[in-house]
Each structure stands twice: as C-alpha cells, then as structure tokens.
Amino acid sequence: MGLPELQNEAIKQLADYSDKIIPATETVIKELRGNRQDDTDELFGLVIQGINWEIEIFNNCEKVINKNESLVDKSKMAQAVTRLGKVLQEKDDIKIAACLEVDFLPFLRSMKKASS
C-alpha cells in the first residue's frame with residue numbers, strides 16, 4: 001500500500017471519528033463551563049487524545065485535505081495548540097472551554113468536511 005492509499009484510508013477513518021469527537025468536544029465544553037461531572041477530566045483527556053490524532057492526520061495528509069480548498073490553516077492550528085497549552089497551565093475551566101470552542105471545534109468541523 002503506497003502513501004496515497006494510506007492517506008485515503010486515514011481520511012476515511014477520519015469521517016467516522018469526526019462523528020464521535022465533535023459531540024464529545026461539545027459535551028466537555030458544556031461540562032467545563034459549570035456542569036462538571038465525575039468523568040469530565042477523563043472525557044477531556046480523551047478529547048485531547050482525539051484532537052491530537054486529528055492533528056496527526058492533518059500533518060500527514062495536508063496536501064490531500066487542502067487539495068481543492070484551504071480547509072485547515074496550519075499556522076492557525078499551531079497558534080491554537082500554543083494557546084491551549086497556556087490555558088491548561090492556568091487550570092481555568094472557562095478558558096479551556098473557550099479555547100476548545102473557538103480554536104478546536106472549527107478545526108474538527110473542517111477535518112470532517114475534508115473527509116466527506
């Protein structure tokens with residue numbers, strides 16, 4: 001299996017995964033904004049793992065994803081990751097939720113659009 005086939009397979013997996021990660025991210029945002037549950041930290045950890053996986057897919061498939069139109073801006077993604085790192089250090093749930101909503105939900109939705 002060559003690189004183009006591997007990239008296409010990864011993007012197919014992305015389509016299914018997007019249907020799970022987007023609602024999970026929306027849920028964790030609500031929970032961080034004042035409706036914390038016993039498993040909020042666990043869900044947040046899973047969401048971060050999922051976002052990292054999608055970033056890896058983007059990094060390895062950027063030419064395919066942005067082939068017809070620029071769906072994901074690499075520099076904005078780098079800024080988002082840096083911002084998330086800063087708000088995580090502050091341990092401020094409201095800022096973390098805002099970062100997920102403003103920076104990462106649009107990225108996840110763009111990745112879903114790229115996979116369809």
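α2 and α4 are oblique to each other, since angles under 35 degrees count as roughly parallel, over 145 as roughly antiparallel, 65 to 115 as roughly perpendicular and the rest as oblique. The model is predicted: local features need pLDDT of at least 70, side-chain atom pairs count only at pLDDT 80 or more, and totals for chains, interfaces and linings use all residues. Residues are numbered from 1 along each chain as its sequence is written, and side-chain values use heavy atoms, without hydrogens and water.

Two packed helices are described by the angle between their axes and the distance between the axes. For α2 and α4, the angle is about 45° and the axes lie 10 Å apart. Axes are lines fitted to C-alpha atoms, for helices over the stretch in contact, and angles run from 0 to 180 degrees between N-to-C directions. Helices are DSSP runs (H or I, at least four residues), numbered from the N terminus. In α2, Phe-44, Ile-51 and Ile-65 are among the residues that meet α4. Contact means heavy atoms within 4.5 Å. The residues of this contact divide into 14 nonpolar, no polar and one charged. Ala, Val, Leu, Ile, Met, Phe, Trp, Tyr, Cys and Pro count as nonpolar, Asp, Glu, Lys and Arg as charged, and the others, Gly among them, as polar.

The axes of α1 and α4 come within 9 Å and cross at roughly 160°. That makes α1 roughly antiparallel to α4. Their contact holds 16 nonpolar, three polar and six charged residues.

Phe-104 touches Ile-51, Ile-55, Met-77, Ala-80, Val-81, Leu-84 and Cys-99, not counting residues up to four places away in sequence.

Notes. Helix = DSSP H or I, 4+ residues; strand = E, 2+ residues; numbered from the N terminus.
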